[in-house]
Amino acid sequence: MSMLGTIIAAHGRHYLADVDGAKFQCVTRGKKTNVAVGDVVHLKQTSNDQAVIEKIADRTTLIYRSDQYKSKLLAANISRLFIVVATEPGFADDLVSRALVAAEAAGIEAHLILNKTDVADLLPRARERAAVYGALGYPVHEVSARANPEHALAVLQPLLAGQSSIFIGQSGMGKSSLINLLVPDADIAVREISSALDTGKHTTTFTRLYWLPGGAAIIDSPGFQEFGLYHLSEGMLERAFVEFKPYLGGCKYYNCRHLAEPQCAVLDAVAAGKIAKHRHELYAQLLHESAQTLY
């Protein structure tokens, strides 16, 4: 019999689906593993708690990262992406910008959460760095999950209501503290998922989805240091840098790549300080990466 479920965890080629509260271990037919957490899937039950994924329902959105050789699906059907940064340890601008570019390309609304605002001496510098993204139109929300959990909840809960959100961030930013605050039984859920997926002790290495009261969903993605975007084409890239938008179409050459061409409106904007140099450098780097793709 066919059932409809939502994928709530993925570890390698093993998936866990939620069907009206019941959990099923799932596998795909054949070797293809193009299933993401958040996917709605048609399942065929094969035993008490096992099923085969027959088909993936149409997705509204899909976010993934990729290197030269393969892509890694992060989540499907999400409406908001939250990038967790902190006052300490320092966060990588490269990673933040790449995540924002991925969100733009996928049509997902992106927000930044600046955590650990209680570290007073490092707050001004972190604020200044986060403000670069705020100036591009990405909302920045300041919280301290540990020092002021009530305030953090008051800030974040309304942003999550009615949404399907993914949280990403480098390790050390306090992302798990935030998840534990927002999802009261997160630890128990992780243990249940781990035993259901039979992943042993590596509970931090898989992406998982939690339901919040009221039906919102939060997807927690493991911390990563790399965010390759080899899958984005040149056309997608120039549009994924929001601050380029006013200048696109203003270049002398219609197929301008905004790297070294004469009379390029984007390069003029960089020179005039209207586009941050580090963002343009990342654009050039991503363009270079997309030209290396092997798949």
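**View 1. F241 and Y283, a buried aromatic pair.** Both F241 and Y283 are buried in this predicted model. Their rings form an edge-to-face aromatic pair. The centres are 5.7 Å apart, and the planes make an angle of 85°. This pair links distant parts of the chain. F241 belongs to the loop between helix 6 (234–240) and helix 7 (265–271). Y283 sits in helix 8 (residues 277–290), and 42 residues separate the two partners.

**View 2. F244 and Y283, an edge-to-face pair.** F244 also forms an aromatic pair with Y283. Here the distance is 5.1 Å centre to centre, with 70° between the planes. Why does F244 count as buried? Its relative accessibility is 0%, so F244 falls under the 20% cut-off for buried. Y283 is buried as well, because its relative accessible area is 1%. This pair, too, joins distant parts of the chain. F244 is in the loop between helix 6 and helix 7, Y283 is in helix 8, and they are 39 residues apart.

**View 3. A cluster of rings.** Which residues do the ring pairs link into a cluster? They are F241, F244 and Y283. In total, the structure holds four aromatic pairs.

**View 4. R129 over the ring of F91.** Look at the face of F91. R129 lies over this face. The distance from the ring centre is 4.0 Å.

**View 5. Strand 8, covered along its length.** How many of the seven residues of strand 8 are buried? Seven of seven are, and the strand is mostly covered. In a regular strand, side chains alternate between the two faces of the sheet. In strand 8, R80, F82, V84 and A86 point one way. L81, I83 and V85 point the other way. The residues on both sides are all buried.

**View 6. Strand 8 beside strand 9.** Strand 9 covers residues 109–115 and runs parallel to strand 8. Seven bridges join the two strands.

**View 7. The cavity.** A probe the size of a water molecule, rolled over the atoms, shows where empty space is left. How many cavities of 30 Å³ or more does a search of the whole structure find? The search finds one. The largest cavity holds about 60 Å³ of space. Its lining includes I83, V84 and V85, along with A92, L95, V96 and A99. I168, G169, Q170, F224 and F227 are also among the lining residues. Strand 8 (80–86) and helix 1 (93–106) are the elements that give two or more residues to this lining. By class, the lining has ten nonpolar residues, two polar residues and no charged ones.

**View 8. The largest pocket.** The largest pocket has a volume of about 550 Å³. It is lined by 29 residues. Which of them are closest to the centre of the pocket? They are R65, K70, S71, K72 and L73. Strand 7 gives the most, with four residues. The lining of the largest pocket divides into twelve nonpolar, nine polar and eight charged residues.

Note on methods: Residues are numbered from 1 along each chain as its sequence is written. This is a predicted model: local features need pLDDT of at least 70, side-chain atom pairs count only at pLDDT 80 or more; totals for chains, interfaces and linings use all residues. Side-chain values use heavy atoms; hydrogens and water are left out. On a 1 Å grid over the protein atoms alone, a cavity is a set of points where a 1.4 Å probe fits but cannot get out, and a pocket is an open set with protein on both sides within 12 Å along at least five of seven lines; lining residues have an atom within 4 Å of a point. Grid points are joined across faces, edges and corners, and a volume is the space filled by probe spheres set on the points. Ala, Val, Leu, Ile, Met, Phe, Trp, Tyr, Cys and Pro count as nonpolar, Asp, Glu, Lys and Arg as charged, and the others, Gly among them, as polar. Rings of Phe, Tyr and Trp (its six-membered ring) pair if their centres lie within 6.5 Å; planes under 30 degrees apart count as stacked, over 60 as edge-to-face and the rest as tilted. Buried means under 20% relative accessible area, exposed over 50%, partly exposed in between (1.4 Å probe, protein chains only). A charge sits over a ring if NZ of Lys or CZ of Arg is within 6 Å of the ring centre and within 35 degrees of the ring normal. Two strands pair if DSSP finds at least two bridges between them.
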